[in-house]
Amino acid sequence: MSSRSKILAQVKANQPASVALPGLELPAHAAQWDALQKFVETLSGIGGRVIRILPGEDVTATLLHAFDANSNILNVSATVQGFQALPDAAFEEPALLQNVDIALMDAAFGVAENGAVWVTEAQYKLRALPFICQHLAVLLPQQELVAHMHNAYQKVQAIGQYDFGVFIAGPSKTADIEQSLVLGAHGPKTMTVFLLP
Amino acid sequence: MSVHPNKPSQPHAELAQQFNKDEDRVNWHDETLWWIRQKRDKAAWSVPEWEWLRQTASDIKAHVLSNMHDLLTQFEAQALANGAIVHWAADAAEHNAIVHRILQENKVQQIVKSKSMLTEECGLNEYLHEHGIDVVDTDLGERIVQLAGETPSHIVLPCIHWKKEEIGELFHQHLHTPKGNADPQYLTGAARIHLREKFLTRKVAITGVNFAIAETGEVVVCTNEGNADMGTHLADVHIACMGIEKLIPQRQHLGVFTRLLARSATGQPITTYTSHFRKPAPGRQLHIVLVDNGRSRQLGREAFRNSLKCIRCGACMNTCPVYRRSGGHSYKYAISGPIGSILAPNLDMRKHADLPFASTLCGSCTNVCPVKIDIHEQLYQWRQELYKEGLAPKGKAVSMKMAGWLLGKPALYRFAGKAARTVLRLAPFMVKNSLNPWYKQREMPAPPKQSFSEWYAKNKKA
Amino acid sequence: MRVALFVPCYVDQFYPQVAIATMQVLEKLGCTVEFPPNQTCCGQPMANSGFEDQQAGCNRVIVDAFRGYDYIVGPSGSCVLHIKQHLHHEDETTAAQIRSRVYEFTEFLTDVLKVKTIDARFPHRVGLHQSCHGQRGLHLSQMSELVAEPFSKPEQLLHMVEGLQLATLDRKDECCGFGGTFCVFEESVSAKMGKDRVADHERQGVEVITGADVSCLMHLEGILKRQQSPIKVMHIAEILNGA
């Protein structure tokens with residue numbers, strides 16, 4: 001008997017009578033927020049930076065202004081043009097991206113309650129990119145904000161299937177040494193979300 | 001320097017006593033974890049529907065446990081359709097052998113691993129080490145304890161028992177940082193450089209799994225450091241190891257669990273990264289190892305079944321007044337604290353017979369648990385179980401039988417009570433000595449001349 | 001209203017003044033209080049150590065002693081909770097009746113007698129120790145872990161006492177470490193927990209530590225006495241009884 005059959009047989013023998021799934025409708029006393037305000041407040045609170053772009057403002061100029069002039073910017077966003085493109089060789093050898101200072105990408109939407117943004121591999125092309133870069137820059141239309149994770153997964157479903165997708169909430173961080181918070185553990189040291197009008 | 005992995009023969013009480021020899025350190029350990037408990041409280045109070053979330057999560061998990069067979073096969077079918085390779089391991093040994101075989105097939109001897117309590121439970125690191133494989137744990141806390149030759153003392157905060165000066169010294173020895181530098185920012189920076197080199201060069205990455213979705217066949221991994229993603233996306237092969245209880249039915253249920261997990265664990269609104277791995281990247285491999293290792297047996301133990309709802313947040317450890325004052329290593333099991341004390345006896349009742357007694361049954365663990373596991377009630381039930389199996393300490397069995405017999409006889413009890421008070425009054429040295437554990441740090445109650453029964457008989461009885 | 005006084009074994013033997021105060025407060029509030037003489041213990045020491053079956057003798061004694069009363073009231077939340085959860089007997093009807101009629105002293109005052117005022121004066125700074133079984137088991141107070149409306153039955157009563165100043169603790173519901181046989185089998189952690197509780201009360205400058213569970217108070221008292229602390233320990237019934 002294979003382990004698979006053995007495990008499944010024992011699970012079947014030992015599992016109790018079926019219990020129905022609960023509903024997921026939020027109770028009336030659930031939290032309600034002003035999504036924009038909550039998003040900005042939360043992301044700032046967890047070490048992220050939020051820059052709001054005003055109607056008519058030049059996105060590229062604001063971007064350049066937000067970062068060190070000497071940094072190299074790799075752009076996989078469809079919203080702005082220019083900067084460096086993703087080198088083909090990186091698909092074979094993602095480690096080549098180790099010297100990328102700033103990766104610039106579009107996010108599908110953001111979540112007010114926790115400051116996270118949802119990005120998928122299909123959007124940003126190469127899985128490793130938002131992790132290996134030194135700094136992460138994300139473009140997010142400010143109307144694309146949901147209140148909480150329940151809405152977030154409804155939105156994920158509506159957007160469609162992905163191979164790899166990730167919620168990113170702020171720069172990579174650790175507090176493993178005596179609970180002292182340090183930003184920039186293994187991934188980006190900073191995360192900037194540019195909120196588009 | 002911190003204690004090393006403890007000899008399994010010593011009971012929790014003895015190891016806890018050793019931990020308590022340095023009272024300042026106990027205070028520091030207690031206060032650090034209490035601070036995290038407070039952060040958890042604050043995060044929970046930011047969500048008015050918190051208790052609804054807990055109940056819903058618990059109910060979803062109840063559905064999972066009662067439909068595990070079908071959900072497992074559904075998950076497997078979906079994962080296979082996604083292009084993942086699915087393995088089944090009945091126990092720890094088979095799990096370790098499967099991982100080793102994948103490494104051999106890929107001719108790899110150096111790997112990175114992000115945090116996975118399952119692999120700790122299975123002793124994967126030791127196993128692979130014996131087979132000549134170099135495993136680098138990439139979670140900072142886990143790397144610290146690994147460099148020190150220890151195991152994690154906490155499932156979320158692996159080196160919570162280490163002081164920064166000690167980490168500075170450890171890094172000085174292993175990573176050649178300047179002696180005396182104990183700045184967390186600096187030390188983290190040094191670890192970043194040290195581990196980046198590993199991420200960039202190692203071709204196989206192991207991760208744990210926080211949630212596996214039956215509906216889609218995807219696995220979800222949560223980290224703050226980004227180490228699971230750095231490992232997997234830069235490697236050719238991703239091996240995701242999971243206990244079979246990690247299943248959830250549908251993707252929408254993540255809405256409930258992702259709201260609870262990080263808030264319960266550290267008081268964050270969500271982990272920095274919540275990564276959803278559905279398909280392997282083009283040209284790369286995704287292996288999913290489904291591990292039983294006693295879980296299907298626990299599923300059949302009605303009183304203990306709910307322990308399988310655990311999402312490994314560690315909140316019960318942070319709130320446990322015993323854990324905070326005895327340290328994770330005193331539990332001698334990969335998962336320490338209250339939840340470990342109800343999981344471990346399922347694997348080896350004799351070896352872990354002391355753990356259900358390492359609790360005052362205060363119940364705080366049950367109240368913080370995001371999936372509402374009745375932890376303290378299961379601790380009580382394990383005590384009954386251990387007694388039935390003849391695994392209760394001998395002396396305790398005799399004294400409890402005598403107490404039960406005496407207390408069933410009111411007249412005899414009144415006589416004995418009077419005798420005890422008389423002894424305390426006339427011959428206090430009989431109890432006020434070093435053989436009485438109560439007396440070591442506490443005075444005995446002053447024995448009154450009259451019990452209440454005696455007083456009542458004299459003053460009240462008509 | 002016929003109320004039976006439930007006096008747990010160690011209260012009977014070591015803290016008769018607590019049982020006396022409990023009885024007197026109940027009588028002042030108009031109850032007819034009787035003390036069935038043949039009572040011993042709730043059986044918790046055996047059951048919590050894993051020897052549930054060894055409490056059969058205790059169960060027999062309890063059922064015989066408390067059969068037929070309207071209410072059974074005890075000054076110890078932990079023992080009351082144990083009866084509520086674990087009392088079983090061949091006469092299961094009576095056992096069930098007792099389980100539903102047994103009350104911890106403060107909850108009996110707030111929930112059954114619905115006491116609104118108390119004629120007591122206690123001009124001192126007091127710290128309240130929430131015992132875990134009373135709080136998390138009997139829900140005498142809201143638990144700090146839950147996102148739920150705060151309330152506290154013992155505090156509600158203490159606020160009725162003239163001159164009493166109630167301190168706010170840094171950790172308002174942490175366990176004292178008594179834990180039954182835990183206090184001897186895990187001596188070092190138990191004592192450390194007790195010392196830490198005492199230190200919290202000391203930081204708040206309390207003169208008296210009170211509570212609704214004698215076992216926790218006995219533990220804290222043992223530590224205070226060893227430290228030769230001026231802080232006194234009193235059961236809440238003793239404070240409510242003081243005019």
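# A tour of chain C

In this predicted model, begin with helix H4 and helix H6 (residues 92-101) of chain C, which pack at an angle of about 75° with their axes 10 Å apart. Angles of 65 to 115 degrees count as roughly perpendicular, and H4(C) and H6(C) are therefore roughly perpendicular to each other. Show the side chains next. From H4(C) come Ile62(C), Val63(C) and Phe66(C), and they meet Thr94(C), Ala95(C) and Ile98(C) of H6(C). By class, this helix contact has five nonpolar residues, one polar and no charged.

**The sheet**

Now select the strands of the open sheet in chain C. Four strands lie in the order E2-E1-E3-E4, with parallel pairing.

Zoom in on E1 (residues 2-5) and E3 (residues 71-74) of chain C, a parallel pair with three bridges. Here Ala4(C) in chain C has Ile72(C) of E3(C) opposite.

Colour chain C by domain: domain 1 covers 2-112 and domain 2 covers 125-240. Taken over C-alpha atoms, their centres are separated by 21 Å. To the contact, domain 1 of chain C gives 24 residues and domain 2 of chain C gives 21 residues.

Which elements give two or more residues to the side of domain 1 of chain C that touches domain 2 of chain C? Select helix H1 (9-14), helix H2 (16-28), helix H3 (44-48), helix H5 (77-86) and H7 of chain C. This side of domain 1 is made up of 12 nonpolar, 10 polar and two charged residues.

**The contact with chain B**

Finally, display chain B. In this interface, 59 residues of chain C are in contact with 60 residues of chain B. H1, H2 and H3 of chain C are among the elements that give two or more residues to the side touching chain B. Helix H4 (56-66), where the tour began, is another of these elements. Further along chain C, select helix H8 (132-137), helix H10 (182-185), helix H11 (187-203) and helix H12 (214-226), which also give two or more residues to this side. Colouring the chain C side by class shows 31 nonpolar, 16 polar and 12 charged residues.

Notes:
Residues are numbered from 1 along each chain as its sequence is written. Chains are lettered from A and ligands numbered from 1 in the order in which they are written. This is a predicted model: local features need pLDDT of at least 70, side-chain atom pairs count only at pLDDT 80 or more; totals for chains, interfaces and linings use all residues. Two strands pair if DSSP finds at least two bridges between them. Domain bounds come from an automatic or database domain assignment. Two residues are in contact if their C-beta atoms, placed from the backbone, lie within 7 Å. Ala, Val, Leu, Ile, Met, Phe, Trp, Tyr, Cys and Pro count as nonpolar, Asp, Glu, Lys and Arg as charged, and the others, Gly among them, as polar. Axes are lines fitted to C-alpha atoms, for helices over the stretch in contact, and angles run from 0 to 180 degrees between N-to-C directions. Angles under 35 degrees count as roughly parallel, over 145 as roughly antiparallel, 65 to 115 as roughly perpendicular and the rest as oblique.
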